[in-house]
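Dear colleague,

Please find the structure below, together with its sequence. My notes on what was found in it follow, and I would be grateful if you read them with the model open.

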Amino acid sequence: MPRRREPRPAPALELKTTRLAGIQVVLNSAEHEALNSHLTTIFAATPDFFGGEAAVFECGRLAADAVSPDWRWLAQELKDRGLNPFAVQNASPEIAAAAAEAGLLVLNAAAASAPAAVEAAAVREPEPEPGPAAASAPTRVIDKPLRSGQRVYAAGGDIVVLAAVNPGAEVIADGSIHVYAPLKGRALAGARGDTAARIFTTHLEAELVSIAGVYRTFDAAPDAAVARKPAQIRLADASQIVIEPL
């Protein structure tokens, strides 16, 4: 009889690619007082809402001559509010150096010798091409209800959900999200920066919606025109969430 081959033990360490969904914290100012004031305002209605979700500071909108934020203070403030910031991106060399000294990872810093206009373009992460390229990815279809704690992600395309997205569940897509049932959890469309992505649902009762990193939470029910009704969610001017009845 042939000798039975013993299974090889699993290696102690493996490297695999992955996509991590998280929150992008876009900094429009590095001034301490402005940040402190806005932190109080934006998290007032949703303390500990994010439950330790990973976060990255996006610095691409800061002025070229902006001083570095107090990274240790800012990171701690977000941790106290349920986020777990671990990195900065699109930061100038000076701001990136200060962030690294504070223990944050630097995902991509600007070249010190580049002119400001070229620098801003050079450090932006590549975004997927809109239109046919994005549409060619298969649409992911979910036909069972999503319970609290469940997360589904459609890489490179849209997602269609034919059952309820319950509170605590999360639907993420690089393209648009279609929920033909109650949307009571979180929906994050345009996860890789597609500002043309949209969210559609036949029953809007969401905890959080996001498009291309711009998000809105609901401490109370949405406006009466869309609450528990068919609605679409899109971006206006690439920076403002708009919710409209269908």
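The model is a predicted one. One of its sheets is an open sheet of five strands, in which the order is 6-8-10-12-13 and the pairing is mixed. At its edges lie strand 6 (151–154) and strand 13 (214–217), each of which pairs on one side only. From one strand to the next, the twist averages 10°.

At one end of this order, strand 12 (residues 208–211) and strand 13 run antiparallel and are joined by four bridges. As a place to begin on the screen, you may look at V209, which stands opposite R216 in strand 13. Strand 12 and strand 13 form a hairpin with two residues between the strands, and in this hairpin A212 takes a positive phi near 55°.

Strand 10 (residues 186–189) includes R186. Is R186 buried or exposed? Its relative accessible area is 13%, so R186 is buried, as the cut-off for a buried residue is under 20%. The side chain of R186 is also joined to the side chain of E170 by a polar contact of 3.4 Å.

When you follow the strands by eye, please keep one general point in mind: side chains in a regular strand alternate between the two faces of the sheet.

A further open sheet has four strands in the order 1-2-3-4, and the pairing is parallel. Here the edge strands are strand 1 (23–26) and strand 4 (105–106), each pairing on one side only. Strand 3 (residues 83–89) and strand 4 run parallel, with two bridges joining them. Within this pair, A87 stands opposite L105 in strand 4. Helix 2 packs on this sheet and touches strand 1, strand 2 (53–58) and strand 3. The direction of helix 2 makes about 145° with that of strand 3.

Helix 2 also meets another helix. The axes of helix 1 (residues 32–42) and helix 2 (residues 71–80) come within 12 Å and cross at roughly 0°. Helix 1 is therefore roughly parallel to helix 2, since angles under 35 degrees count as roughly parallel. Which residues make the contact? On helix 1 they are H32, L35, N36 and L39, and on helix 2 they are W73, L74, E77 and L78. Sorted by class, the residues in this contact are five nonpolar, two polar and one charged.

Two loop residues also deserve a look. N90 is placed in the loop between strand 3 and helix 3 (93–101). Its phi is near 55°, a positive value in a residue other than glycine. N90 has a relative accessibility of 7% and therefore counts as buried. The other residue is R228, in the loop between strand 13 and strand 14 (231–236). The phi of R228 is near 60°, again a positive value in a residue other than glycine.

With kind regards

How values were computed:
Residues numbered from 1 in each chain as written. Predicted model: local features only at pLDDT ≥ 70, side-chain atom pairs only at ≥ 80, totals over all residues. Heavy atoms only, no water. Axes fitted to C-alpha atoms, helices over the stretch in contact; angles between N-to-C directions. Parallel < 35°, antiparallel > 145°, perpendicular 65-115°, else oblique. Contact = heavy atoms within 4.5 Å. Nonpolar A, V, L, I, M, F, W, Y, C, P; charged D, E, K, R; others polar. Pairing = 2+ DSSP bridges. Buried < 20%, exposed > 50% of the residue type's maximum accessible area, 1.4 Å probe, protein only. Polar contact = N/O pair within 3.5 Å; in protein donor to acceptor, adjacent residues only side chain to side chain.
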